[in-house]
Amino acid sequence: MINKDEEKLFFLLADDHMLIRQGMIFILDAAGINYEAFHASNFRQIRECINDNPIHIAIIDAHFPEGNSLQIITEIKEKKPEIKILIFSGIDENIHALKYLNAGADGFLSKLSEEKEIEEAIFSIIEKGEYISPVTQALLMNSLNNRNLVNPLLSLTERELEIARMYAAGYGNLEIANMLDVKQNTISTIKKRMFKKLKIENIVKLIELVKNHS
């Protein structure tokens, strides 16, 4: 919960599209919130704003040209754990929400949400310190019985995870086979098995999963 004794709430609006930030300003104004907003369009500006200003709430996109926001969420929570983070993104909530909450975000909201839901999410962050949408709530309940929803890599064996990390480090089949002293077709077979477990189709997706859940 944010200290309501504060006369003004300080928001960080972080998105590489100015129109999204301006739309959020419109919603904050319409909601009658006493606030001041700081803008950021990249990770460097986010870090500077967090370091230089008494931010209460950071509304951050899930993806920037530099990559996803998972690492920056962790950085913010390590430096200033009192800051509440609402991820506001166009990516699929069913697929991605849990990993952002697991990284430290206090809420996840789709950019496809109606204005009323966006306003409700902001007031929930202010009053409760979190926003859990019905979609995310269902995901959290399901994750209690299926840890793979939070981290798909948990479905891999130790050897598969080792090889997945090698792929993420930039090694190819032949290099991995030589390093592990096995045949190259053995590595290919393991890769196919990992793809099936993780429900992915190519090495790019595998590398993304490893980086997102490392």
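**Entry 1: contacts and overall build**

I began with the contacts in the protein chain, taking a contact as heavy atoms within 4.5 Å, and found that residues 24 or more positions apart account for 63% of those with a separation of 6 or more. I note that this is a predicted model, in which local features need pLDDT of at least 70 and side-chain atom pairs count only at pLDDT 80 or more, while totals for chains, interfaces and linings use all residues. Residues are numbered from 1 along each chain as its sequence is written, and side-chain values use heavy atoms, with hydrogens and water left out.

I then looked up the secondary structure and found 10 helices and 7 strands in the protein chain, where helices (H or I, at least four residues) and strands (E, at least two) are DSSP runs numbered from the N terminus. The C-alpha atoms fill a box of roughly 65 × 35 × 30 Å along the principal axes. Of the 214 residues, 46% count as buried; buried means under 20% relative accessible area, exposed over 50%, and partly exposed in between, with a 1.4 Å probe and protein chains only.

**Entry 2: the nonpolar cores**

I looked next for nonpolar cores, each a set of buried Ala, Val, Leu, Ile, Met, Phe, Trp, Tyr and Cys residues joined through side-chain atoms within 4.5 Å. The largest has 29 residues, and those with the most contacts inside it are Leu 12, Ile 46, Ile 55, Ile 60, Ile 85, Ile 87 and Tyr 100. At least two residues of this core come from each of strand S1 (9-14), strand S2 (35-40), H2, S3, H3, S6 and H4. A second, separate core has 21 residues, including Leu 9, Ile 57, Ile 59 and Phe 88.

I followed Ile 55 and found that, not counting residues up to four places away in sequence, Ile 55 touches Phe 10, Phe 11, Leu 12, Phe 38, Cys 49, Ile 50 and Ile 83.

**Entry 3: helix H3**

In helix H3 (residues 70-79) I listed the buried residues as Leu 70, Ile 72, Ile 73, Glu 75, Ile 76 and Lys 77. These buried residues pack against helix H2 (43-52), strand S3 (57-60), strand S5 (67-68), strand S6 (84-89), helix H4 (93-103) and helix H10 (203-212).

At 14% relative accessibility Asp 106 counts as buried, and among its contacts beyond four places in sequence are Lys 77, Lys 84, Ile 85, Glu 130 and Tyr 131.

**Entry 4: aromatic pairs**

Searching the whole structure, I found 4 aromatic pairs; rings of Phe, Tyr and Trp (its six-membered ring) pair if their centres lie within 6.5 Å, and planes under 30 degrees apart count as stacked, over 60 as edge-to-face and the rest as tilted. The ring centres of Phe 11 and Tyr 35 are 6.1 Å apart with planes at 85°, so I recorded the pair as edge-to-face. This pair links distant parts of the chain, with Phe 11 in strand S1 and Tyr 35 in strand S2, 24 residues apart. Both Phe 11 and Tyr 35 are buried, Tyr 35 with a relative accessible area of 17%. Besides Phe 11, Tyr 35 touches residues including Lys 8, Leu 9, Ile 25, Leu 28 and Asp 29.

The rings of Tyr 100 and Phe 108 have centres 6.1 Å apart and planes at 50°, so that pair is tilted. Both Tyr 100 and Phe 108 are buried.

**Entry 5: helix H7 and its partners**

I found that helix H7 (residues 158-168) and helix H9 (residues 184-198) pack at an angle of about 100°, with axes 10 Å apart; axes are lines fitted to C-alpha atoms, for helices over the stretch in contact, and angles run from 0 to 180 degrees between N-to-C directions. That makes H7 roughly perpendicular to H9, since angles of 65 to 115 degrees count as roughly perpendicular, under 35 as roughly parallel, over 145 as roughly antiparallel and the rest as oblique. Among the residues making this contact are Ile 163 and Tyr 167 of H7, and Ile 187 and Met 194 of H9.

Ala 168 also lies in helix H7 and, at 22% relative accessibility, counts as partly exposed. Leaving aside neighbours within four places in sequence, Ala 168 is in contact with Ile 207, Val 210 and Lys 211. I placed Ile 207 in helix H10, and on the same terms Ile 207 is in contact with Tyr 167 and Ala 168.
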